[in-house]
Amino acid sequence: MVLRETDLIPIYQHLHQIPEIGLQEHETQAYLLSIIAKMPQDWLTVKTIPTLDTAILVKVSGQRHDYRIGYRTDIDALPVTENTGLPFASTHPGVMHACGHDIHMSVALGILSYFAENRPETDMIFMFQPAEENASGGQRLYESGALDGDWMPDEIFAFHDNPNLPTGAIGCRMGTLFAGTCEIHAHLSGKSGHAAYPHQANDMVVAGAALVSQLQTIVARNVDPIQSGVVTLGHFSAGTIGNVIAGEAQIDGTIRALTQEMNLHIQRRVRTIAEGVALAYDCNIDLKLNQGGYYPVENNDAITSDFIQYMQDDADVNFIETAPAMTGEDFGYLIHQIPGTMFWLGVDSPYSLHSENMVPHTAAIMSGVNAMTGYLTHRNSLRK
């Protein structure tokens with residue numbers, strides 16, 4: 001049975017009630033498997049992954065096996081206490097689908113159910129991927145080896161819901177859709193002492209302040225103004241009381257860039273500046289830069305051009321060309337390995353992603369299903 005709106009809305013509502021943090025999505029996985037099991041199984045193969053045990057892979061065996069089209073959805077939630085007042089609000093305290101992955105999963109199930117009934121021209125690989133929010137799930141999935149051989153897509157697609165676009169609208173662009181991110185963690189070690197005797201200590205508030213100030217020059221003086229980059233330091237802690245010189249400090253932040261090349265360039269400058277501050281202030285700086293799998297989502301030119309043209313030509317699709325976003329997405333790792341396209345699906349909410357009040361318009365679910373079943377059928381037709 002192809003899942004329709006009357007099926008998908010209750011599925012979405014149930015998924016919304018059982019949010020789980022990345023790599024803990026056991027109840028979510030069991031529910032997804034129960035829905036998939038009700039679909040025709042004639043050309044479906046379902047696989048779980050021992051080393052990534054909440055992931056699900058589903059292969060739809062096409063009429064030919066010389067090409068594979070991939071479709072990925074994320075399945076995890078956020079450590080946010082829900083404040084929506086919905087009758088189907090989260091039943092897991094302190095955890096919420098505040099980023100709309102419940103919408104993502106519902107659309108993926110709708111698309112999968114269509115191809116379970118309508119055998120595609122080529123093989124299709126559906127990925128229900130954990131840990132997008134917290135643990136580089138895309139990279140973990142790829143590096144697990146589960147996609148090796150005849151499970152590896154030749155091209156791949158995914159979307160993210162967007163509260164700033166009209167319900168059901170499809171948004172996309174050539175080039176980078178999401179920025180790549182990199183975490184900054186710097187621990188500074190000097191020597192604590194009495195406030196009256198600074199010459200006998202080595203003040204890490206002063207050294208840390210210098211590091212913060214110098215890192216803020218990177219975008220202003222080391223990044224091409226025509227390009228984009230962000231260095232934000234959101235946490236600085238040092239000391240315990242005003243009359244004691246702090247011998248240690250901790251600084252944490254993030255890098256955002258629209259290309260992997262720029263992200264690596266900024267990382268190099270962060271390292272060089274940290275080394276210079278450590279030398280200038282005679283202290284030790286233990287610097288950790290953690291990009292994980294959060295590469296920029298750089299859409300493939302040829303595939304994305306075809307995607308945009310199809311959506312513009314479809315009279316039932318409200319297509320909007322969007323600007324790049326500085327938010328991160330671990331689909332960036334997958335699309336770095338496999339050519340493909342990521343796009344936005346509008347859900348028209350007054351509240352932002354990650355908000356405790358985020359409520360997407362569920363009418364977007366069928367818009368996403370219809371647009372993508374049509375487009376993926378088109379992509380299949382190109383292989384005839």
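Author: The side chains of R72 and E329 are joined by a polar contact of 3.2 Å. The model is a predicted one.

Reader: Why is the pair R72 and E329 called a polar contact?

Author: The cut-off for a pair of N or O atoms is 3.5 Å, with one atom able to donate a hydrogen and the other to accept it. At 3.2 Å, the side chains of R72 and E329 are within that limit, so the pair is called a polar contact.

Reader: How do you know whether R72 is buried or exposed?

Author: The relative accessible area of R72 is 1%. Buried means under 20%, so R72 is buried.

Reader: What is R72 in contact with, leaving aside its neighbours within four places in sequence?

Author: The list includes M127, I156, F157, F331, L334 and M342, and also E132 and D330. Each has heavy atoms within 4.5 Å of R72, which is why the word contact is used. R72 itself is found in strand β3.

Reader: In what order do the strands of the open sheet lie?

Author: The eight strands run β1-β2-β4-β3-β5-β16-β6-β15, and the pairing is mixed.

Reader: What makes β1 and β15 edge strands?

Author: Each of them, β1 (44–49) and β15 (319–321), pairs on one side only. Neighbouring strands of the sheet are turned by 25 degrees against each other on average, direction ignored.

Reader: How do you know that β6 and β16 pair?

Author: Pairing takes at least two bridges.

Reader: Which strands does helix α8 touch?

Author: Helix α8 (residues 301–313) packs on the sheet and touches β5, β6, β15 and β16. Its direction makes about 35 degrees with that of β16. Helix α3 (residues 101–117) lies across β1, β2, β3, β4, β5 and β16, and runs at about 155 degrees to β3.

Reader: Which residues touch the most other members of the largest nonpolar core?

Author: Y71, F126, F128, M372 and L376, out of 61 residues. The element that gives the most to this core is α3, with nine residues. Beyond four places in sequence, M372 touches Y71, I111, F157, F307, M311 and F343.

How values were computed. Residues numbered from 1 in each chain as written. Predicted model: local features only at pLDDT ≥ 70, side-chain atom pairs only at ≥ 80, totals over all residues. Heavy atoms only, no water. Helix = DSSP H or I, 4+ residues; strand = E, 2+ residues; numbered from the N terminus. Axes fitted to C-alpha atoms, helices over the stretch in contact; angles between N-to-C directions. Buried < 20%, exposed > 50% of the residue type's maximum accessible area, 1.4 Å probe, protein only. Core = buried A, V, L, I, M, F, W, Y, C linked by side-chain atoms within 4.5 Å.
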